[in-house]
Amino acid sequence: MLTLILSAAAGAQTGVLFVNNNRVGIGISTPTTDLHVVGAAGTTKVLVVDTGGGGYLAPFEMRNDGPLGFRLLDTAGSASCGSNCIDFNNAGGEFRLNFNDGDGPELRLTVNGQLILPGATLPDYVFEPDYPLLPLDELEAFIERNKHLPNLPSQAEVDEAGYINVSELQLRLLEKVEELTLYTLEQQKQLAELSAEMSALRERLEDLRAD
């Protein structure tokens with residue numbers, strides 16, 4: 001049973017629908033938006049069910065004659081995405097999750113599935129014969145001078161930009177892993193050569209002792 005009350009009186013009645021100034025309120029007699037729902041803590045829900053089945057279903061749809069925006073806030077009356085919010089705005093081309101417990105910037109993201117970076121170019125060029133791999137002594141000098149690895153951002157660069165591109169950083173870190181693999185393989189070759197030389201010297205020494 002649905003009770004329809006045309007009223008502008010203040011106050012709220014849970015489960016009662018109001019029409020006020022061409023706005024609809026459920027549980028609130030003075031709705032501030034076209035549809036305003038208010039209820040007791042933990043009991044306020046909006047459920048949309050399509051029982052038709054089969055084919056593509058879109059039981060919930062939002063349209064806008066401009067940029068699309070979708071926002072979830074944990075506090076009533078605030079229109080800004082400050083702390084504790086989820087905000088999607090295709091005008092800015094971003095999906096933002098802000099969670100702050102008061103101790104400083106904080107973000108937790110749990111994904112059951114895959115995070116996909118389309119069109120990524122992996123740093124396989126590291127394994128090309130003409131890749132300019134720095135000799136270790138030059139790499140050491142670079143680190144002592146710049147306090148970070150080549151082709152990775154410094155703390156000063158991150159501070160100046162105000163952010164770090166995680167996708168780009170992951171690819172650069174993969175580049176460093178591949179470079180480290182080349183260094184390891186080269187060192188292994190050098191160790192094998194030294195081992196062969198040591199074996200040859202040991203055999204020669206034994207021959208000299210035998211004489």
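In which strand of the protein is confidence lowest, and in which helix is it highest? With that settled, please look closely at Glu 178 in helix 3.

Author: The structure is a predicted model, in which local features need pLDDT of at least 70 and side-chain atom pairs count only at pLDDT 80 or more, whereas totals for chains, interfaces and linings use all residues. Residues are numbered from 1 along each chain as its sequence is written, and side-chain values use heavy atoms, with hydrogens and water left out.

Confidence, given by pLDDT (the predictor's confidence in each residue, from 0 to 100), is lowest in strand 1, residues 4-6, where the mean is 49, and highest in helix 1, residues 136-146, where the mean is 96. The average pLDDT of the protein is 78, and 70% of the residues score at least 70. Over residues 6-10 pLDDT stays under 50, and for this stretch the model has 11 contacts beyond four places in sequence; a contact here means heavy atoms within 4.5 Å. Where pLDDT is low, the predicted coordinates should not be read in detail.

The protein holds seven strands and three helices, and along the sequence they follow the pattern β-β-β-β-β-β-β-α-α-α. Helices (H or I, at least four residues) and strands (E, at least two) are DSSP runs, numbered from the N terminus. Among the 211 residues, 13% count as buried, where buried means under 20% relative accessible area, exposed over 50%, and partly exposed in between, with a 1.4 Å probe and protein chains only. The protein exposes about 17,000 Å², of which carbon and sulfur atoms supply 55%; accessible areas come from the Shrake-Rupley method with a 1.4 Å probe, and for residues only the protein chains shown count as cover. Of the contacts with a separation of 6 or more, 19% are between residues 24 or more positions apart.

Now to the residue itself. Glu 178 lies in helix 3, which covers residues 166-210, and Glu 178 is buried yet has no salt bridge. A salt bridge is taken as a side-chain nitrogen of Lys or Arg within 4 Å of a carboxyl oxygen of Asp or Glu. The nearest side chain of opposite charge to Glu 178 is that of Lys 176, 9.9 Å away; in this count Lys and Arg are positive and Asp and Glu negative, while His and the chain ends are not counted. If neighbours within four places in sequence are left aside, the residues in contact with Glu 178 are Pro 123, Asp 124, Val 126 and Phe 127.

Lys 176 itself does form salt bridges: one with Glu 175, where the closest N and O atoms are 3.2 Å apart, and one with Glu 179, where that distance is 3.1 Å. Lys 176 and Glu 179 both lie in helix 3, three residues apart, which is about one turn of the helix. Lys 176 and Glu 175 are both buried, and Glu 179 is buried as well.

A search of the whole structure finds three salt bridges. One of them joins the side chains of Arg 172 and Glu 168, at 2.5 Å from N to O, and these two residues of helix 3 are four residues apart, again about one turn of the helix. Arg 172, at 25% relative accessibility, counts as partly exposed, and Glu 168 is also partly exposed, with a relative accessible area of 37%.

A search for aromatic pairs across the whole structure finds one. The rings of Tyr 125 and Tyr 131 have centres 6.0 Å apart and planes at 40°, so the pair is tilted: rings of Phe, Tyr and Trp (its six-membered ring) pair if their centres lie within 6.5 Å, and planes under 30 degrees apart count as stacked, over 60 as edge-to-face and the rest as tilted. Tyr 125 is partly exposed at 39% relative accessibility, whereas Tyr 131, at 19%, counts as buried.
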